[in-house]
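Thanks, everyone. Let me put the model up and walk you through it.

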Amino acid sequence: MSVKDEAGAPVEHYVNPEPFDPAQAETLTAEQEAYYQASQWKIMWWKFRRHKVAVWSGVILLLFYLCVPFAELIAPYSANERSNDHLYAPPQQLRLFHEGSFVGPFVYGMTSSIDLETVKWVFEEDRTDVQPLRFFCKGPDYRFWGLVEGSFHLVCPAEGGTLFLLGTDRLGRDVFSGLVYGARLSLTVGLIGVTISIVLGLFFGGLAGFFGGVIDSLIQRLIEILRSLPELPLWMALSAALPVTWSPVWIYLGITVILGLLDWPGLARAVRSKLLALREEEYAKAATLMGARPSRVIRKHLLPGFTSHIIASATLSIPAMILGETALSYLNLGLRRPAVSWGVLLNEAQDISVVVVYPWLMAPVIPIIIVVLAFNFLGDGLRDAADPYK
Amino acid sequence: MLYYILRRVVTMIPTLLVISFLTFIIIELPAGDYISNQIAALKAAGESSSVAKLEFLRAEFALDRPFLERYLIWVGLWPGPHGFDGLLQGNWGWSFEYEKPVADVIGPTLPMTIILNMATILFVYVVSFPIGIYSATRQYSWGDYGFTFVGYIGLATPNFLLGLIMLYLANRWFGLSIGGLMDPEYIGRPMSVDKMLSILAHLIVPTIVIGTAGTAAMIRRLRANLLDELHRQYVTTARAKGMREARLLVKYPLRMALNPFIADIGNLIPSLVSGSVIVSVVLNLPTVGPVLLNALQSQDQFLAGFILLFVAILTLIGMLVSDLLLAVLDPRIRLGGRAAS
């Protein structure tokens with residue numbers, strides 16, 4: 001049937017010659033366009049960037065984590081090197097000006113004498129002994145990661161001088177170098193532990209969420225029981241069970257496993273509830289109907305939907321693990337010398353009467369608090385960003 | 001209500017069984033047991049005279065039985081060398097290190113542990129409640145920012161480090177020893193008013209140290225919950241009708257925000273108890289914490305096992321109380337019986 005005008009003649013086919021603009025209903029600004037076309041991860045990044053505190057926390061953490069691969073280069077001494085002339089030496093203050101003139105970063109030398117009344121060493125700053133720091137220098141030898149010989153340091157004390165930025169401990173070991181080396185273990189304990197906990201959490205949460213039914217309620221009960229247990233006493237008991245004969249590396253691995261073993265229930269619960277919600281989605285049903293195996297559906301179709309959530313909640317559980325390791329080592333149940341972690345260093349501060357006289361033994365407290373705080377802020381930021389469409 | 005309490009208590013029984021089994025596995029994890037290690041040490045030293053006595057002790061404590069049997073004997077569900085004589089019959093086991101029954105070793109520390117934990121929970125409630133309400137009703141005020149900041153620091157500072165710092169500062173500024181749970185002169189004396197006061201005074205620091213992180217978390221939660229409620233329409237309606245602000249707050253939004261507040265403390269209790277163990281070690285409080293550390297280090301298995309179990313039961317009871325409180329507050333839980341967890 002053709003359209004006819006009033007007179008009955010067929011109307012000519014009409015075509016508007018102007019170019020068609022598909023967005024004429026609503027024109028998008030360049031920003032909006034970029035937003036709608038961006039991938040999920042990109043939007044998350046934009047959202048995360050707006051959380052200033054979280055970004056700065058990330059930067060601070062990155063700086064701390066630089067100590068992990070490059071501890072040997074950053075630390076002026078090695079972690080277990082004893083300086084027998086400087087037992088319990090106080091921190092040397094970093095200075096720039098000597099008698100009003102600029103000399104660059106330097107420290108004053110120390111003169112030591114023994115106080116016969118209290119029987120302890122007394123250190124005094126020698127204001128005439130200027131010891132300028134050397135940068136990019138050859139210092140004490142080390143084996144980089146225990147493999148490659150080297151002696152290059154970012155900063156060294158002056159020839160014949162000392163550089164104890166945070167003082168020394170009972171055996172004359174430099175506390176600052178200890179902190180730098182300790183970061184290697186303390187900061188990675190959380191990462192490995194969280195990896196273990198993610199694997200367990202995904203496995204159990206996946207089982208419970210995808211299959212439901214009896215498996216679900218069994219795992220749910222298990223999660224409830226584990227969550228109702230106080231973590232620390234269990235950590236203590238488990239790490240006390242590690243054989244004393246193990247080498248530090250094995251003890252370290254054992255502790256990470258212990259920390260991860262008890263942490264997964266929270267993650268599993270999150271995975272389960274996400275899976276329960278997502279498996280009802282059309283695309284998941286479609287995949288199942290097309291004959292995909294459960295593991296494939298979970299991995300290919302469901303997992304991408306909540307990876308961001310897992311990362312965010314994992315970030316939030318790292319500080320608990322760092323603290324767990326610190327507490328265990330502090331109590332002599334975790335790592336021991338020659339392994340160095342922040343908890344091992346704090347072990348020196350167990351006796352309060354010693355700490356009162358030599359307060360710099362408490363120094364490891366500061367990086368611990370900074371790192372834990374930073375992880376908390378970062379985790380908060382990530383959690384907010386994990387749901388970018390909200 | 002009675003039915004709810006009953007059901008809630010009954011569901012604790014399987015949980016307790018699983019926990020006792022886990023505990024037993026954990027304390028049996030180290031190779032050998034206290035006595036067989038001693039035997040090995042004696043044999044290595046060439047002394048075989050006292051080995052016979054130790055062998056007798058091993059049989060006496062059923063350490064030579066298979067694993068499952070040992071567990072059941074420990075719990076008291078299986079006849080041991082002396083018939084049914086386990087936890088269920090009130091025998092808490094034998095401490096090899098102290099050569100005393102476990103009950104005698106930790107008996108005096110149990111009330112202290114309970115008092116300390118209750119004081120902490122009370123502290124968390126009492127402090128976080130008003131601050132949470134203040135922060136929510138005066139959002140973005142200086143007070144709110146201040147509390148949020150302090151809260152973040154409190155959340156990030158691990159309690160045993162906080163304990164260490166407090167110890168140091170108290171020693172430095174006041175020359176005061178804040179360790180222990182009473183003045184030395186009262187130790188071993190019978191309970192009196194003075195002793196009570198001394199204990200109370202010494203409770204303050206550990207309570208703050210253990211409770212700070214929990215308080216910070218609770219303030220954040222209460223603030224968030226209350227803020228959610230305050231933006232609801234019924235609040236606007238009530239305000240439009242001219243209801244006074246204080247009455248409005250107490251009557252509706254607070255009641256709604258109270259539920260998660262009580263429920264959350266159930267989640268907090270495990271970490272509070274955890275904290276009390278390590279803070280007790282740091283501050284040298286006469287609770288089960290230091291005893292547990294010793295027992296674990298010397299592989300005094302029955303002592304360690306009992307303490308682990310005790311601590312777990314303490315958290316379970318804490319959670320039970322928080323659940324019951326919740327049921328009192330919220331008829332939906334009491335009557336619906338849905339939230340049985």
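Chain B splits into two domains in the assignment: domain 1 covers 2-106 and domain 2 covers 109-285. Their centres, taken over C-alpha atoms, are 37 Å apart. Keep in mind that this is a predicted model.

Some overall numbers for chain B. There are 16 helices and 2 strands. Along the principal axes, the C-alpha atoms of chain B fill a box of roughly 90 × 55 × 35 Å. Of its 341 residues, 37% count as buried. Now take contacts in chain B between residues at least 6 apart in sequence: 67% of those join residues at least 24 apart.

Next, the core. The largest nonpolar core has 164 residues. Which members touch the most others? They are Met236(A), Ala237(A), Leu292(B) and Ile307(B). Helix H4 of chain A, residues 175-211, gives the most to this core, with 15 residues. Domain 1 (2-106) and domain 2 (109-285) of chain B both contribute residues, so the core lies between them. As a general point, nonpolar side chains tend to be buried together in soluble globular proteins.

Stay with Ala237(A) for a moment. What does Ala237(A) contact, leaving aside neighbours within four places in sequence? The answer is Ile26(B), Ile27(B), Leu296(B), Ala304(B) and Leu308(B).

That takes us to the contact between the chains. Chain A puts in 33 residues and chain B puts in 39. On the chain A side, five helices each supply at least two residues: H5 (213-227), H6 (231-240), H10 (294-330), H12 (352-357) and H13 (365-386). The largest share comes from H6(A), with 8 residues. By class, the side of chain A that touches chain B has 28 nonpolar, 3 polar and 2 charged residues.

Now a helix in chain B. Look at H5(B), residues 67-75. Its buried residues are Arg70(B), Ile73(B) and Trp74(B). Why do these residues sit on the same side of H5(B)? They cover an arc of only 100 degrees around the axis, and that puts them there. What do the buried residues of H5(B) pack against? Helix H2 of chain B, residues 12-28. After H5(B) comes Gly76(B), with a positive phi near 100 degrees.

Over to chain A, for a pair of strands. S1(A), residues 95-98, and S2(A), residues 101-115, run antiparallel and are joined by 3 bridges. Phe97(A) has Phe102(A) as its bridge partner in S2(A). The two strands, S1(A) and S2(A), form a hairpin with 2 residues between them. In that turn, Glu99(A) has a positive phi of about 50 degrees.

That brings up backbone angles. Most residues other than glycine have a negative phi, and most peptide bonds are trans. Two asparagines are worth a look here. Asn332(A) is not a glycine, yet has a positive phi of about 70 degrees. Where is Asn332(A)? In the loop between H10 and helix H11 (342-346) of chain A. Asn332(A) has 15 other C-beta atoms within 10 Å, so this residue is partly exposed.

Asn284(B) lies in a loop of chain B, between helix H13 (253-283) and helix H14 (288-297). With 16 C-beta neighbours inside 10 Å, Asn284(B) counts as partly exposed.

Methods:
Residues are numbered from 1 along each chain as its sequence is written. Chains are lettered from A and ligands numbered from 1 in the order in which they are written. This is a predicted model: local features need pLDDT of at least 70, side-chain atom pairs count only at pLDDT 80 or more; totals for chains, interfaces and linings use all residues. Domain bounds come from an automatic or database domain assignment. A nonpolar core is a set of buried Ala, Val, Leu, Ile, Met, Phe, Trp, Tyr and Cys residues joined through C-beta atoms within 7 Å. A residue is buried if 20 or more other C-beta atoms lie within 10 Å of its own, exposed if 12 or fewer, and partly exposed in between; C-beta atoms are placed from the backbone. Helices (H or I, at least four residues) and strands (E, at least two) are DSSP runs, numbered from the N terminus. Two residues are in contact if their C-beta atoms, placed from the backbone, lie within 7 Å. The arc is that of the directions from the helix axis to the C-beta atoms. Two strands pair if DSSP finds at least two bridges between them. Ala, Val, Leu, Ile, Met, Phe, Trp, Tyr, Cys and Pro count as nonpolar, Asp, Glu, Lys and Arg as charged, and the others, Gly among them, as polar.
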